[in-house]
Amino acid sequence: MPAEDAPMIRLEDYRPSDWLIDTVDLDIVLDATKTRVRALLKLRPNPHGRPGAPLVLDGDELTLGSIALDDVPLDPGLYSATPQTLTLASPPDRPFSLRLETELDPGANTKLMGLYRSSGVYCTQCEADGFRRITYFLDRPDVMSVYTVRLEAAKAEAPVLLANGNLVAAAELPGGERHFAVWHDPHPKPAYLFALVGGKLDHVRQPYVTAEGRKVELAVYVEPGKAGRAGWALDSLVRCMRWDERVFGRNYDLDVFNVVAVSDFNMGAMENKGLNIFNDKYVLADPQTASDGDYASIEAIIAHEYFHNWTGNRITCRDWFQLCLKEGLTVFRDQEFSSDERSRPVKRIADVRTLRATQFSEDAGPLAHPVRPRAYKEINNFYTPTVYEKGAEVIRMLKVLIGDDAFERGMDLYFERCDGTAATIEEFLDCFIETSGQDLAHFAQWYEQAGTPTVVAAGRYDAAAKSYTLDLAQSTPRTPGQPQKVPLVIPVALGLVGRSGDLPLSSISPALKAGGVVVLDQPSLSVTFTGLSEAPAPSLLRGFSAPVRLELDLGDAELLRLFTADSDSFNRWQALQTVATRALVRAGASGDLGGLDAKAGELAQALEGFLAGPATADPAFAAQALRLPGPADIAREIGKDVDPDAVFAAHRKLAREIGAALAGPLAALHAGLREAGPYSPAAGPAGRRALRNEALGLLALGAPAEASRLTQAQFADADNLTDRLAALAAMTLIPGEAREELIARFASLYAGEPLVLDKWLMAQALIPEDGTLDRVRGLMGHPAFSPGNPNRVRALIGGFAANLTQFNRADGAGYGFIAGIVIELDRANPQVASRLLGSFKSWRMLEDGRRELAKSALAMVAATPGLSRDVADIAARSLA
């Protein structure tokens, strides 16, 4: 179907499927170019569907080989088949079976959707609608079936054969050259959760016994020779299973749980029932080839996909408009797991950094959409930060709003009531209405309204009355398709901070709830606190209790007081960020850098006092405190007529001045935090490395000669990738021959390690210099780069698209380069191409010249004949 002819799918048009498929029996004979798929579907009319409706099965680039109804071959006049649909105009008005045969070419499937072959391994990716590329089917999440799958392959080519569920049979075929395996999944599931894997794979195993006493065999499968790098993933799996039993009362429900790592994968990972398929970058780890960030990501993503077993698999979503019900909820769960495993304040800061960088910018641009969108042309384009990260924030707000106890009971009720169903947001919220006794109809607007609300806060202290009045007001800017906005329910967790710490909260206002939460659910409100013997500084949105922008009337001196005295770690960090952000926004918007010297002195003094105190008690938090808001953060805060070069110049000057002022303490910190023992990815050592390397990065700007010496020594002496990668990143900030030598040394040291060289590619793509575009073009010819591998593309091309100054070059060459790559890539892998095109999402906030150049590049993409639905949709929405 041409992209321009793709129908608009609307939530309001949802109706149940006219037909249901109770069981699916698949017989799949794997072959690199001619895989045969025989499907036996047991269908019946849906009592909630339309009586006498035709049966229309979905397909995608399929060719029908044969079809039989109740084992009787169908006359061609009784059905019609196209690559996109298989239609029976008058199916029996009773249960019946349908046998279908299709033939696939997995080796030619560059879209990496459906069944494809990656580095000699057969694997599948069926979310959102890839199963229709395997056989004709009712490919929608509310059609749930029990699957039995027989896989057959040549033993030499695919000695490992895996599918969903439990293994029920396996044997060699006569002659000994071929074999088969039969897998059965007793839990009904939608087609998007189907998976198979076949190939030469090594593995690590571990037995596990659930809290209910079920014996489970856990295994992680990887490419031959890489089993030694799978241990951390397996360890993470065990820990998250125990955590889910303890915190949410969820036990695993099959006899095996398999994780498979493949090198070519469009997504991070996929939660297929009992057979999770992962991008190998989120499985493979050892100290020499994985950074601390990699270890943390593997831990979190292993947990995320496992947690989907209940929030996504046992309870799936009725339709794709409910995607946040599984993704936002599961992101919340994996964030909580990582917070318990590591530092909760640091995890919260990291998650908010991600939210602001990705979701706030999405909300502010042409691709803004609600957490639950109301319409789409291509569902793959709605796997977005809004659905995932903002969806998680909505769950977190719900917990703050109704309290821990009601939230826990609501989750228990949801698992009990909706198990085995395809659920909706309304059914989810109903559980919490019941356990909390609160009316959540107003709160539910968070799912329907796009945009990032702004909360304006102002306070006044009455010394005579010993009272403090806090005025709060909210507004949400217009977004595409939603010019009018309603007030939302915003839980504002707060404290009042005096010279020595928190002051008591006493108020008769009904807006103040238990736990120090003020519920702002109208355009504005005022709350008066009494019994205060000194003027307080308000600490608002503690723990970032709502995904909003906060405009606070505190001066920088009061903010620096919060940095030193606030009991809330998140707001201590936020106070320092706000001081730096204000200065950078002023300088970046005006181009006048004159005021940054004094502000750098204030910030350096605050940081020096902080580092001289007990900062190393939580070094991971101290590392966050040292990191300034990035240029992209400042551009987002300016919001319109942004000159990326001016923003970058302001950021570079402030960082350079702070680095110079703190050169002595930073060098001492770098020396004192050097690890003496062997590498460990645990939170403590990782936090110390984070602080040490943050200090090195500031030194690279403030004292480049000293930093160059320390960087080269760190690279030479390091026993782990984290420290070598930090040395490389610091050296990219110091132009010259030494930098190019270190870049070459890194590539030589890690030749043959694609996942490490991805980081090498990205580090160069992010260099904020005029020659970077030519560097990137040259690297496209390097053996480390492959345009067919999504990881390589994301590292080099995606890295360049994230380079604020070079993607946004004043001559438009950066826009033209990315647009050209998108057009070329779209022919092979539309999903990766459409995500790359999303790098234009903030083009409207640029100054006039760049804005017109970016618009022209987008228009060039939109005008390209034969675009995929994925890319055409992003281009059209970006230009609308």
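This is a predicted model: local features need pLDDT of at least 70, side-chain atom pairs count only at pLDDT 80 or more; totals for chains, interfaces and linings use all residues.
Colleague: How many salt bridges does the structure hold?

Modeller: Side chains of opposite charge can pair when their charged atoms come close. Counting a pair when a side-chain nitrogen of Lys or Arg lies within 4 Å of a carboxyl oxygen of Asp or Glu, the structure holds a total of 79.

Colleague: Is K326, which meets E127 in a salt bridge, buried or exposed?

Modeller: The side chains of K326 and E127 meet at 2.9 Å, N to O, and this pair links distant parts of the chain, with K326 in helix α3 and E127 in the loop between β11 and β12, 199 residues apart. E127 has a relative accessibility of 1% and counts as buried. Because buried means under 20% relative accessible area, K326, with a value of 1%, is likewise buried.

Colleague: Which residue forms a salt bridge with R460?

Modeller: The closest N and O atoms of the pair are 2.3 Å apart, and R460 in strand β25 is 11 residues from its partner in strand β26.

Colleague: Where does A747 lie, and which residues does A747 touch beyond four places away in sequence?

Modeller: With a relative accessible area of 14%, A747 falls under the 20% limit and is therefore buried. A747 lies in helix α18, residues 737-749, and, not counting residues up to four places away in sequence, A747 touches L757 and W760.

Methods. Residues are numbered from 1 along each chain as its sequence is written. Side-chain values use heavy atoms; hydrogens and water are left out. Helices (H or I, at least four residues) and strands (E, at least two) are DSSP runs, numbered from the N terminus. Buried means under 20% relative accessible area, exposed over 50%, partly exposed in between (1.4 Å probe, protein chains only). Contact means heavy atoms within 4.5 Å.
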